[in-house]
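Hi everyone, thanks for making time today. I'd like to walk you through a few spots on this one, so let's bring it up on the screen.

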Amino acid sequence: MTAVTVAHDTEAATLAVFLVLFLAVTVVGFVAARWRRASLDNLDEWGLGGRRFGGVITWFLLGGDLYTAYTFVAVPALVFGVGAQGFFALPYTILVYPLVFVALPRLWTVAHRKGYVTPADFVRGRFGSRSLATAVALTGLLATMPYIALQLVGIQVVLGTMGIEGDWPLILAFVILAAYTYQSGLRAPALIAVVKDVLIYATIIVAIVYIPSKLGGFGAIFDRAGDALSQKDPPGALVPGTTDAQVAYATLALGSAMALFLYPHALTASLSADRAETLRRNAAVLPAYSFLLGLIALLGYMAIAAQITPSTPNYAVPDLFASMFPAWFTGVAFAAVAIGALVPAAVMSIAAANLFTRNLWREYVNPDMTDAQESQVAKIVSLGVKVGALAFILLLPTEYAIDLQLLGGVWILQTLPSVALGLYTRLHRYALLAGWAAGMLVGTAMAIDQDFKSSVYPLDLFGLHVNAYEAIFALAANLIVALIGTAACRALNVPDGEDATTDEDYVERDAQAAPLPATPGQEDRAGRFGRAVRQT
Amino acid sequence: MATRRRWWYLLLAIPFVALLYPPLYARHDPELLGFPFFYWYQLLWVPLTAVLTVLVYRREKAARR
């Protein structure tokens with residue numbers, strides 16, 4: 001069998017289907033503003049959809065938000081390139097949900113009670129520390145920006161496979177995205193996520209049945225993939241054989257699982273739920289997406305078995321689809337990926353805007369903002385963030401965005417002690433800040449030392465050799481500093497910040513079982529938050 | 001949360017043990033439907049974890065009443 005090089009010509013059927021679906025989704029985005037109609041002139045409505053998304057919508061929004069176009073392109077690309085290591089995405093997304101189930105309802109409850117919109121809001125209230133909150137906000141912003149840029153890579157890849165080169169289609173797609181996000185806020189990606197998920201599920205279910213049938217079954221696929229991988233330099237593997245590979249695998253899964261819900265966009269999607277109960281229910285059902293991701297990862301092996309030779313690994317799956325599917329269905333698949341970029345890009349830009357508006361602008365520039373002003377600033381920032389991401393992808397090599405996103409994953413995990421552990425225990429604010437700094441330093445240094453080629457670092461310390469995910473090393477340093485620092489600060493009676501929350505704020509009461517009332521109550525809460533900020 | 005009162009949360013620790021120790025499952029055999037053990041084992045833990053989560057969810061709901 002000879003290698004298969006897929007020509008990137010423009011097939012009429014593929015393009016037509018793609019455009020129709022894209023247009024449909026654009027209409028949905030604009031119409032979304034009318035759904036559960038309320039004034040979008042306050043941040044709760046624009047930035048959190050009014051905190052009223054029930055079980056089904058939350059499922060689509062979270063799933064659509066967490067499983068991004070980049071995920072669908074990059075995970076199989078990694079499996080295509082190195083084999084088993086790329087599959088860590090599956091245990092990672094399995095382990096997310098028990099963590100979510102336990103911790104997230106608690107965060108939802110205190111956020112709902114105190115009017116918090118961002119993780120930095122929570123940290124501000126819990127620890128009474130401006131600097132710690134700012135550190136969390138900046139980390140969130142820095143981690144989110146490259147992620148938005150990489151969604152564009154997902155769109156670029158499918159456009160490229162359809163023979164559409166050049167910048168203008170990307171710019172057009174993003175202008176449309178920017179327009180309806182501006183107008184509708186979180187409602188837009190929430191509704192679009194429904195369309196996206198239907199398309200993704202359809203595509204993957206068909207792919208997982210149809211493609212193996214053309215390639216001789218899964219046994220043949222794994223055999224051929226295993227052979228091809230072992231002949232590479234350095235050799236890949238179907239199963240991680242060495243201790244080094246296994247430790248790397250486990251720490252990648254654990255570190256990524258712990259980090260996922262620290263990302264601002266995951267929290268934005270979560271805080272928009274109508275009650276804590278919704279999050280628990282979703283934690284039980286969202287694993288369906290994990291199964292989907294496992295299957296998507298296997299597409300990488302199918303591409304190897306089909307002898308696809310893409311120009312870069314990111315083209316492995318688009319090329320596979322183009323060569324295996326009838327032209328019209330390829331259009332559906334590509335639309336799924338492209339739309340799969342829009343949802344997270346929208347939510348990420350909203351989350352970044354929320355962070356900037358609440359925790360940087362309101363904190364340092366205009367503490368007396370009205371709700372309408374808050375919403376207005378957020379809208380503009382969301383726009384700016386998207387423009388920035390677009391410029392980044394168009395003007396700089398894609399490599400930079402990928403490197404920054406790798407760092408972003410390491411960085412965001414450093415907010416775990418303050419945001420996640422902070423839900424249960426109060427370490428000292430200065431110790432947390434020092435721990436955060438230590439984690440950022442260690443993680444960044446390790447990434448640079450690896451030239452960003454790997455997120456795994458071979459550490460040789462005290463005669464031990466540990467080959468693990470950089471973010472885990474960084475978190476370890478972070479926690480050690482935070483714990484020792486807390487003990488030291490307490491022993492030296494260093495003044496700690498005030499805790500604006502009480503134990504009851506984290507506990508759901510029966511009153512919370514009912515969905516929230518209309519906007520006036522939320523405006524009052526947002527107002528109270530603003531006043532609380534000014535007082536501290 | 002008092003772990004003595006809410007022991008069922010420990011069920012959620014099971015997937016961590018099952019997945020974070022690769023030597024447990026990093027092998028080819030036994031194969032299932034052409035899938036090496038490494039792959040079908042992990043895929044199986046998706047519905048298994050969902051079941052555990054639902055169990056804990058139900059218990060939690062009952063305890064809240």
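Asp223(A), Asp227(A), Asp29(B) and Glu31(B) come together on the surface as a patch of negative charge. Do keep in mind as we go that this is a predicted model. Let me pick out Asp29(B) from that group: in chain B, Asp29(B) sits in the loop between helix H1 (14–19) and H2. Is Asp29(B) buried or exposed? Exposed, because its relative accessible area is 52% and the cut-off for that label is over 50%.

Arg281(A), Arg58(B), Lys61(B) and Arg65(B) gather on the surface in a patch of positive charge. Where is Arg65(B), if you want to find it on the screen? Look in the segment that follows helix H2 (37–64) of chain B. Arg65(B) has a relative accessible area of 77%, so it counts as exposed.

Next, a nonpolar spot. On the surface, Trp361(A), Tyr364(A) and Val365(A) form a nonpolar patch, and together they have about 290 Å² of accessible area. One of them, Val365(A), belongs to helix H16 of chain A, which covers residues 327–365.

You'll find Thr278(A) in helix H13 of chain A, residues 276–285. Thr278(A) counts as buried because its relative accessibility is 0%. And which side chain does the Thr278(A) side chain make a polar contact with? That would be Asp274(A), at 2.5 Å.

That's my tour, and I'm happy to go back to any of these spots.

Key
Residues numbered from 1 in each chain as written. Chains lettered and ligands numbered in written order. Predicted model: local features only at pLDDT ≥ 70, side-chain atom pairs only at ≥ 80, totals over all residues. Heavy atoms only, no water. Patch = residues over 30% accessible without salt bridge, like charges linked within 9 Å, V, L, I, M, F, W, Y side chains within 5 Å. Areas by Shrake-Rupley, 256 points an atom, 1.4 Å probe, with all protein chains shown as cover. Salt bridge = Lys/Arg side-chain N within 4 Å of Asp/Glu carboxyl O. Lys, Arg positive; Asp, Glu negative; His and termini not counted. Charge placed at Lys NZ, Arg CZ, Asp CG, Glu CD. Helix = DSSP H or I, 4+ residues; strand = E, 2+ residues; numbered from the N terminus. Buried < 20%, exposed > 50% of the residue type's maximum accessible area, 1.4 Å probe, protein only. Polar contact = N/O pair within 3.5 Å; in protein donor to acceptor, adjacent residues only side chain to side chain.
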